[in-house]
Amino acid sequence: MKIRLIAAAVLLSLATFAPDAQAQLTAQSGARSYAVQGDCDGRPATPVRMAPGYCLGLVWQGGGQDGPRMPRGLLPLENGDWLVTDLGAWEVGKGAVWRLSFAADGAARWRRLAGGLSMPHTVKRGPDGRIYVSEMNRILTLDPDAADAAASVRTVIGDLPDNRLHDNRHPLSSFVFDGNGDLLVNVGAPSDRCLDAAGKPKADARGACVEDAATAQVRRHAYLGNGRWAEDSTVFASGLRNSIALVRHPSGTVLQAENSVDLETPDHPYDEINVLTQGRHYGWLYYSVTQS
């Protein structure tokens, strides 16, 4: 089985068991070109190191003229096509949703379905079978098979926090559907470490960040049926600086990829993968109340 993934401005293909290509990847890890010699299920191998028995192959690479400029998420369609969200730029109105198909020779073919979007990130199929996409401050639905897909765009949940502080820090609205159809939506923190202009902690008497009350959380929007969700929300989990990815396991477990405070050194990352449970606080961001 072949799985295709997006990374940065490069669309990649993950193919199973290509030991010769894997060996070449190791030998050529210092190559400047992203694609190197070797084969990953018919695609040029890349120097990205993988688990034994896997290699990562290049499907498409472009500069934004004939496809996405900043790919973020993707969703397979039943006919072999893919939907791709394109951030476009770290500013409003530059994003898009693209449809990727492949010619008989394997060449990538792009068609822009909707443009003028603000930092689109997650794309998923909902409990009603429709396609849903998150922008910075709303979740929308669109029909990728419509003659005019852009005209099919409809807001599902609007007025999400846009987190424009600090040059739009943490504006990406990840989401996942819970088992009952509810939407669990990320609201990222508006700062890195909850410091004021002088570099002092903005903490309350308990040592908790004062920004935490309305941000740094995953919110639950109740499913109302027939492609409708409640605009009002409750807090599902908090203390989460930036839930850049959310996944629901078939068992019902909700997993979260925590994009935590910026690195101090490459050897000491603060990122986490968390199992989210209702009502739990996950620690962003507490200080010692005794610090000066």
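Biologist: What makes two cysteines a disulfide here, and how many disulfides does a search of the whole structure find?

Modeller: A disulfide is a pair of cysteine sulfur atoms within 2.5 Å, and the search of the whole structure finds two of them. This is a predicted model, in which local features need pLDDT of at least 70 and side-chain atom pairs count only at pLDDT 80 or more, while totals for chains, interfaces and linings use all residues. Residues are numbered from 1 along each chain as its sequence is written, and side-chain values use heavy atoms, with hydrogens and water left out.

Biologist: How do you know that C40 and C55 form a disulfide?

Modeller: Their sulfur atoms are 2.0 Å apart, and the cut-off is within 2.5 Å, so the pair is called a disulfide. The pair links distant parts of the chain, with C40 in strand β3 (residues 39-40) and C55 in strand β5 (residues 54-61), 15 residues apart; strands are DSSP runs of E with at least two residues, and helices are runs of H or I with at least four, both numbered from the N terminus.

Biologist: Why is C40 called buried?

Modeller: Buried means under 20% relative accessible area, exposed over 50%, and partly exposed in between, with a 1.4 Å probe and protein chains only. C40 has a relative accessible area of 0%, so C40 is buried, and C55, also with 0%, is buried.

Biologist: Why does S118 count as buried?

Modeller: S118 has 14% relative accessibility and therefore counts as buried, the limit being under 20%. S118 is placed in the loop between β9 (108-117) and β10 (123-125), and touches V92, G93, E135 and M136, not counting residues up to four places away in sequence; a contact here means heavy atoms within 4.5 Å.

Biologist: How do you know that strand β8 pairs with β9?

Modeller: Two strands pair if DSSP finds at least two bridges between them, and seven bridges join β8 (residues 95-102) to β9, which run antiparallel.
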